[in-house]
Amino acid sequence: MSQLRQLLKSAFTVVLPKSLLLTRGPRLAIADEPIEIALTFDDGPHPEHTPRLLDVLANAGVRGTFFVIGERAEQHPELIRRIADDGHELGNHTWTHSEPSLTSAVRFLGEVALTRRLIQDLTGRDCRLTRPPKGALTIGKSLGLWRQQQTVVLWNIDPKDFTMPDTDAMSQWIRGYRPQSGDIVLLHDNHSRAVIAVEQLVEDHALRFATLSNWLRPTESPPFPVRELEVADVR
Ligand SMILES: [Zn+2]
C-alpha cells in the first residue's frame, strides 16, 4: 500500500504544477553557488522549543517555513507574530492535526480555512501553503485545498526526528545527510531535535536556505475557480 502511495505521489509530482503540489524544489545546481534546500518545521508553535529554534535560526541567518497547528497558534499568538517578524514563512497544518483517516473532507477543509484566517488575523498575511497531517490526502481534500488557492506542500527528506531517542541521534543523522538542491526537509519544532538539526546543518554544510515561496511563482493564477472561504465550526 505504501508503495502504491509513493508511486501515486511521484506521478502527481510529475503531472501537477508546483503551485498545486510541491514535494521538492528545483534540482538544478548552479555552478559555484551553494546547494539550496528548504527547512520546514511542523506541529508547533511550542512555548519552549519554538522560541529556542527561532533564536538558533536568527543566529545562523537561516530562514525556514513553519507549518503551524491552528489551535496551538491561537494559544501562542506571540510566537506566530515572531515567526513572521523574523522573516520566516508560515504554513497551515490544520486546526487540530486530527487523524487523516478519521477526518472528513468537510472537516479537514474547515480546519484549514479556520487556521488560514487566524494566521491572516495575527500577521496580516494570507497563508497559501498547506501541509496535511501525515502528508495524507484524498482527491476530495486536494480539490478543496486547490479551490482555497492552497499549494499542497509535502517533503522529500524525512529524518523522522520525532522517533529519535535523543539529540545525538539527530546530530548523527545530519552528519550522514547529503543535501541536494531542492530538498524539502521535514522537521518538528514541538521537541528539541530541530534545534540540533539546524546547528549541525550549518556547521557541516555550506548551504543556502530557501523559504517555499522562493520556489513558487507567486504570480501564477490558480487553475480552479476560487470560492469564498468555507469555515466550518470545527472547534
Ligand atoms: Zn504534523
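The model is a predicted one, in which local features require pLDDT of at least 70 and side-chain atom pairs count only at pLDDT 80 or more, whereas totals for chains, interfaces and linings use all residues. Residues are numbered from 1 along each chain as its sequence is written, and side-chain values use heavy atoms, with hydrogens and water left out.

The protein contains 8 helices and 8 strands, these being DSSP runs numbered from the N terminus, with helices taken as H or I of at least four residues and strands as E of at least two. Of the 235 residues in the protein, 49% are buried, where buried denotes under 20% relative accessible area, exposed over 50%, and partly exposed the range in between (1.4 Å probe, protein chains only). Among contacts with a separation of 6 or more, 80% involve residues 24 or more positions apart, a contact being defined by heavy atoms within 4.5 Å.

The zinc ion has as its protein donors Asp43 (OD), His93 (NE2) and His97 (NE2), which lie 2.1 Å from the ion. Donors are N, O and S atoms within 2.8 Å of the metal (3.2 Å for Na, K and Ca), and because water is not among the atoms, sites may look incomplete. Along the sequence, the donor residues follow the spacing D-x49-H-x3-H. Asp43 is located in the loop between β2 (35–42) and α2 (49–60), and His93 in the loop between β4 (89–92) and α5 (105–123), so that the pair ties together parts that are 50 residues apart in sequence. Both Asp43 and His93 are buried. The loop between β2 and α2 also holds Pro45, which is joined to Gly44 by a cis peptide bond with omega of about 0°.

With regard to backbone geometry, most residues other than glycine have a negative phi, and most peptide bonds are trans. Lys134, in the loop between β5 (129–130) and α6 (139–147), has a positive phi, near 60°, and this residue counts as exposed at 54% relative accessibility. A positive phi, near 50°, is likewise found at Lys160, which is situated in the loop between β6 (151–153) and α7 (167–176); with a relative accessibility of 42%, Lys160 counts as partly exposed.
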